[in-house]
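User: I would like to learn how to read the strands, the domains and the chain contact in a model of this kind. Could we go through them in turn?

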Amino acid sequence: MSATHTPSQDPGSYGLIAEFAAEADVVAAARAARQAGYSRLDAYSPYPVEDLTEALELPRSKVPLIVLIGGILGGLGGFMLQYWSSVIRYPMNIGGRPFNSWPAFIVVTFESTILLAAIFGVVGMILLNRLPQPYHPVFNWERFAHASRDRFFLCIEAADPTYDRRATEDFLRSLNPSEVTEVEN
Amino acid sequence: MTTLDPPASRPVKPQHPPVVASGYTPATVTDQVNKVVFGSTPKWWLVGFGISFAVVMMFLFAVTYLFAKGVGIWGLNIPVAWGFAIVNFVWWIGIGHAGTLISAILLLFRQEWRTSINRFAEAMTLFAVACAGMFPVFHLGRPWLFYWLLPYPNTMTLWPQFRSPLIWDVFAVSTYATVSLLFWYVGLIPDLATLRDRVKNVWARRAAGLFALGWRGSARHWQNYETLYLLLAGLATPLVLSVHTVVSFDFAISILPGWHTTVFPPYFVAGAIYSGFAMVLTLVLPLRSLFGLKDLITERHLQAMSKVMLATGLIVAYGYVIELFIAWYSGNEFEMFMVHNRMHGPYQFQYAMLWLCNIFVPQVLWLRKVRSSPVLLWIVAMFINVGMWLERYVIVVISLSRDFLPSSWDYYSGTIWDWAIFVGTLGFFVSLIFLFVRFVPMISGFEMRHLVAHGSKETKS
């Protein structure tokens, strides 16, 4: 990250952050920032805003794929566990019924499918979001506490190739924010 | 254009009451949701928690005695080897169903009214499943060996019997508990971040910060989060329908008259949702007035929950009628005796009370006046709570006490220890509810903010 810093920039700066009072403003600002060529930026909101995903041109979430993998592993694993223990490891003849009595194994197969899909999904979501991450530079600004309440934020990182302390600040100020400030690293 | 105006004399069709009272912004709704957590401890909370915690102490005493003496202190004997333990297990598991139904199925159906009650109902699910899970373990006789039910390599080289519904139950209930916990926790993450950002107490902030994982509401976070939340709802939907189905297999796979019926799975699931909503109402009605949350949990929620109860209650009624019909239609002597024994045998009082509590009394929910009156609704909910417990009592005990061979018949009733442990789990459940509403936001803050910011779809139209 630090390699992209130009010498004129303060290495202690994470970037510039703008605060917005309205959801529509932050969406418009995010869109404008993408159009202005900024790529290392993120928006923060107190509730999910679908338009932000599109405005920031974020790639599709990988969570569905992870859930699918978890479900397939869970289903196969659950059935194989039952097959192996009932047919190979501990076969028990009950009234001459087949060892591989698969209809009786469906319930546990179903449960293990759901279980692993859910666990993979939750762990996957947390890891894809790079959580747990107790420290993040944006927390250094005390106004940022409003990101979990009623305010919207757009942060352009100093690591962005088009970032310029002056020009970027002027650009953010032109987007109708209620405040703009620099966040410490 | 006067023809388009409705005539003044004709009464206007009543609209739905709003999902949230008007005049809220994301900031004020956040404060309202967190008011309970940030406020000082009310006196009634201390009293209520004190009483329920005393019941937990009684529960611990009863369980200690049970572990020391064994299940002989219960009223169990052959032929009734499944008594209170299984009745309570099925009752508690059923109560849990409302939480997942509200959080998952109603999310997929885009029911806005679920937003103010899903968090609470999910917590209730977790606590109810915790109570339920204890009973089969106690019933094992040697509860410290409960892990023998799990498939793991062991020195005895034994493996579970996967063809047994009792093993299916282990998997169904443990999966249900785990997925419900994950769903609840994932829903809590953004709200814990709100607590972390607002709370003054340094230890409370650290605790909230630890569990909030550093959530900062980034657009990237929300994108993964929303995707996962929807997928979890999709996974939990078949799961919630499967859990009580599997519980009903414990009975339906057997050959006992009164248990061996194909109507059991759907009728158990409907009964579970029925009792779950009754329990949600039992708890939410007093809490919303004690905490002043009537703006967020409005008359609309009471109406909607009453209608769900009415609908599932009718499915349960259908189940009861079909049981009678099939017993007659089968022409099977033992099936017909089972019904006769329910109506005229030693448990006829419980059977009559079952019909009264579960089928007759709840019909008052057809009246709008009852659906919008918290007091009447609470009384109906209590009838359903009792009725659903009686339903499981009737199913478990009556069929076992008089099976095919009259020489083995016996009469079963719970002992004081049965009651102590059952009442003890009620105390445990209520204690957990008290702790939950005090320390964790009982209404989902970020979903309420979204609802308030975007306005209800209904009020827009």
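Analyst: Two strands pair if DSSP finds at least two bridges between them, where strands (E, at least two residues) and helices (H or I, at least four residues) are DSSP runs numbered from the N terminus. The model is predicted, so local features need pLDDT of at least 70 and side-chain atom pairs count only at pLDDT 80 or more, while totals for chains, interfaces and linings use all residues. Residues are numbered from 1 along each chain as its sequence is written, and chains are lettered from A and ligands numbered from 1 in the order in which they are written.

User: Which residue is the bridge partner of A:Ile17 in S4(A)?

Analyst: The partner of A:Ile17 there is A:Thr181, and S1(A) and strand S4 (residues 179–184) of chain A pair in the antiparallel sense over 6 bridges. S1(A) is also joined by 6 bridges to strand S3 (residues 152–157) of chain A, again antiparallel, with A:Gly15 opposite A:Glu157 in S3(A).

User: Why is strand S1 of chain A described as largely enclosed by the rest of the structure?

Analyst: A residue is buried if 20 or more other C-beta atoms, placed from the backbone, lie within 10 Å of its own, exposed if 12 or fewer do, and partly exposed in between. Strand S1 (residues 13–20) of chain A is largely enclosed because 7 of its 8 residues are buried, whereas 41% of the 185 residues of chain A count as buried.

User: How is chain A divided into domains?

Analyst: Domain bounds come from an automatic or database domain assignment, which for chain A gives domain 1 (2–60 + 136–184) and domain 2 (63–128). The C-alpha centres of these domains of chain A lie 45 Å apart, and the C-alpha trace of chain A spans about 85 × 35 × 30 Å along its principal axes.

User: What does chain A contribute to the contact with chain B?

Analyst: Two residues are in contact if their C-beta atoms, placed from the backbone, lie within 7 Å; the contact takes 51 residues from chain A and 49 residues from chain B. On the side of chain A that touches chain B, H4(A) gives the largest share, 16 residues. With Ala, Val, Leu, Ile, Met, Phe, Trp, Tyr, Cys and Pro counted as nonpolar, Asp, Glu, Lys and Arg as charged, and the others, Gly among them, as polar, that side of chain A divides into 33 nonpolar, 12 polar and 6 charged residues.
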